[in-house]
Amino acid sequence: MRKPVVKVFRSLVLCLLILVPLAGRAAPSGAPSITPNFKNASIRQIIQAVSAATGKNFILDPRVNAQVTMYSSTPLTPAAFYQAFLSILQVYGYIAVPSGHDVVQIVPDAKERQMPSILLPNKVSSTSDELVTQVIPVKNVSAAELVPILRPLVPEWGHLAAYSPSNILIISDRASNVYRIMHIVERIDRVGNQDVDVMPLQNASATQVVQVIDQLYQGQAAAQMGRTFKVVADARTNSVLISGDPAERLRIRALVAQLDTPSASGGDTRVVYLHYASAKKLAPKLKEQMQELAQIASNANVKGTAQAAAEKNALVWADDQNNALVITAPPKTMRTILHIVAQLDIRRPQVLVQAIIAEVDVNKTDDLGVNWAAYSQVDKLPLGGFVEPVGGTSIVDLVDAAKNPSSLTTSLLEGTTLGIGTVSAGGISFAAMLRALRGNQATNIVATPSAVTMDNQQAVLKSVDEVPFVTGQYTNASTVTSGTVTPFQTVQREEVGTILKVTPTISATGQSVMLKISVESSSVLPTSVSSIDPTTQKRSITTNVLIQNKGIVVLGGLIENSQDRNHNSIPYLGGIPVLGWLFKARNDTASRSNLMIFIKPSILRDQNDAAAQSSASYRYMLQQEGALPAGQFPPLLRGEPRPTLPALPGAATQSPGSAPPPGAAAAGQSPPHP
């Protein structure tokens with residue numbers, strides 16, 4: 001019991017010593033003053049003294065415990081004593097957090113981020129150690145860039161972050177440190193000299209001038225001179241942009257002006273080797289451009305000057321062997337021409353156009369009929385009959401063939417032909433024929449042409465036969481050979497087959513292709529193969545389409561479906577059931593023709609795309625070659641090797657038994673197409 005009483009007594013005595021004003025040291029305003037002096041005192045006792053002096057109520061965290069030593073030779077007001085108390089808490093790792101009316105929490109500073117503080121005060125004190133949360137607006141620099149610079153100045157338990165959308169800094173720390181950070185940001189956040197001088201050049205190249213200046217200020221010399229400017233070239237306007245200190249800008253402007261001087265001859269000659277464009281085709285267009293530039297210069301009140309004369313005498317010509325341009329022009333015109341050449345001499349993309357032409361034709365014919373006739377051999381007067389050609393043959397043709405077997409032709413025997421009759425020298429002769437013929441003709445043509453061409457260049461792919469057509473003949477009666485007149489004929493050969501003409505144009509975005517297409521598929525009709533004047537059947541489409549890269553579109557279909565019925569009969573008699581077949585003949589014809597064309601363009605933007613496509617097609621051909629039967633038939637020529645494709649140089653090839661390229665599932669199929 002004695003020790004607690006002693007401790008309480010000591011605390012009361014200490015408080016009385018602090019609160020009693022020293023004689024002769026009263027504050028000038030007459031307010032009570034305190035002269036705190038502690039030696040190895042408990043921090044809890046100091047909190048009691050502060051509470052008694054300021055009237056504040058304190059709530060202590062159980063972890064608040066420290067021995068404090070403080071000496072003061074001057075009296076302090078209660079407010080100053082409270083600020084000194086906050087400094088003591090900062091030294092020993094504690095913070096005072098206001099909570100309610102005259103209530104203060106004393107907790108370890110590790111909880112500072114989670115504890116409330118004075119929010120956005122109108123004025124931040126430079127000497128106070130109170131907790132303050134302040135928002136600092138930044139106007140001229142990036143707030144996010146300031147965070148790594150200022151973060152070392154904030155204690156670990158403090159908070160510093162940037163909000164980029166509003167370009168502000170958020171800081172939570174003691175008021176004195178927040179005040180310091182605010183002044184640092186104020187010094188940094190100032191508008192620099194952002195003026196930019198633009199110097200358009202008349203003779204020199206802006207890019208070359210900037211390169212010269214950069215080389216001049218590189219290395220150790222630049223470090224010693226303290227380069228505080230920046231120089232950038234604008235190739236479009238041929239101007240030099242200078243930023244930095246005004247004195248440095250003035251010095252650089254003088255240097256650029258000295259470099260922008262015309263050459264002694266007033267012009268220059270350059271040899272430009274072209275990589276993709278044709279110098280022979282490009283030279284005339286450049287001449288026209290240079291003439292226009294000279295005309296513009298003469299209209300700009302510079303007529304008679306040395307520059308105008310040089311522009312007028314500028315010339316360009318092409319060296320076809322080296323595919324090069326030789327240009328002589330003043331610097332300003334030279335820059336314009338070189339810029340045009342650089343824009344035109346580029347690698348243009350290629351387009352692979354793959355097509356499928358599918359044509360299906362079906363023709364069916366049915367011929368059925370009966371012919372009969374009875375006549376008198378004496379007076380050659382027919383007594384009656386029903387004669388109608390069935391399948392191109394009538395009873396008359398059959399009777400003539402019976403009388404003269406040498407005139408019998410295969411056309412008379414097509415289908416099924418049954419004939420009965422008798423021919424007598426006197427009396428009545430009669431003959432009857434039953435003929436039935438059915439024909440089915442189906443044609444399936446599938447062509448898969450493909451072609452690679454440059455952008456805006458036409459490609460033509462043909463897979464045709466040249467068929468002769470007689471266009472005229474001339475007979476000279478005086479020209480007789482062995483009693484036979486020999487006529488003179490003129491023959492013209494026409495292409496019959498599949499013809500694909502395509503001109504691709506790649507859009508500005510490079511994602512679609514406009515195709516100007518002409519597709520023709522023709523063939524010789526089987527019925528006219530042996531004729532000297534054959535008949536051809538042709539299907540063609542000419543159109544312009546817009547297709548996405550590697551997209552597929554059907555150009556259109558020519559569809560024809562026709563049916564013809566030709567029934568010939570004797571009125572009334574042909575309608576008699578069963579017996580009516582003796583008085584009628586029937587010919588039915590049906591035909592259908594379908595043509596579909598599918599197009600797929602693929603843009604080959606660079607050499608890698610072209611090589612990949614070529615390699616895939618080459619592997620397909622190797623596969624087809626390997627699929628041919630080997631050793632099935634004994635070779636007649638011993639020792640002669642079978643011709644084979646060599647390996648594709650610079651590309652990996654497939655073995656004959658490996659998988660086919662995409663689009664061809666097995667041997668014997670067509671190459672990959674859309």
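**View 1. Burial of Phe58 in the predicted model.** Phe58 has a relative accessible area of 16% and is therefore buried (under 20%; exposed is over 50%, partly exposed in between; 1.4 Å probe, protein chains only). This is a predicted model, in which local features need pLDDT of at least 70 and side-chain atom pairs count only at pLDDT 80 or more, while totals for chains, interfaces and linings use all residues. Residues are numbered from 1 along each chain as its sequence is written, and side-chain values use heavy atoms, with hydrogens and water left out.

**View 2. The pair Phe58 and Phe85.** The structure holds 2 aromatic pairs (rings of Phe, Tyr and Trp, the last by its six-membered ring, with centres within 6.5 Å; planes under 30 degrees apart are stacked, over 60 edge-to-face, the rest tilted). In one of them, the ring centres of Phe58 and Phe85 are 5.6 Å apart and the planes stand at 75 degrees, so the pair is edge-to-face. It joins distant parts of the chain, 27 residues apart: Phe58 belongs to strand β2 (residues 57-60) and Phe85 to helix α3 (residues 78-91) (DSSP runs numbered from the N terminus: helices H or I, at least four residues; strands E, at least two). Phe85 is buried, with a relative accessible area of 1%.

**View 3. The tilted pair Tyr82 and Phe85.** These two rings lie 6.2 Å centre to centre, with 40 degrees between the planes. Both residues lie in helix α3, 3 residues apart, about one turn of the helix. Ring pairs link Phe58, Tyr82 and Phe85 into a cluster.

**View 4. Lys56 and the ring of Tyr82.** Lys56 lies over the face of Tyr82, 5.1 Å from the ring centre (NZ of Lys or CZ of Arg within 6 Å of the ring centre and within 35 degrees of the ring normal). Tyr82 is buried.
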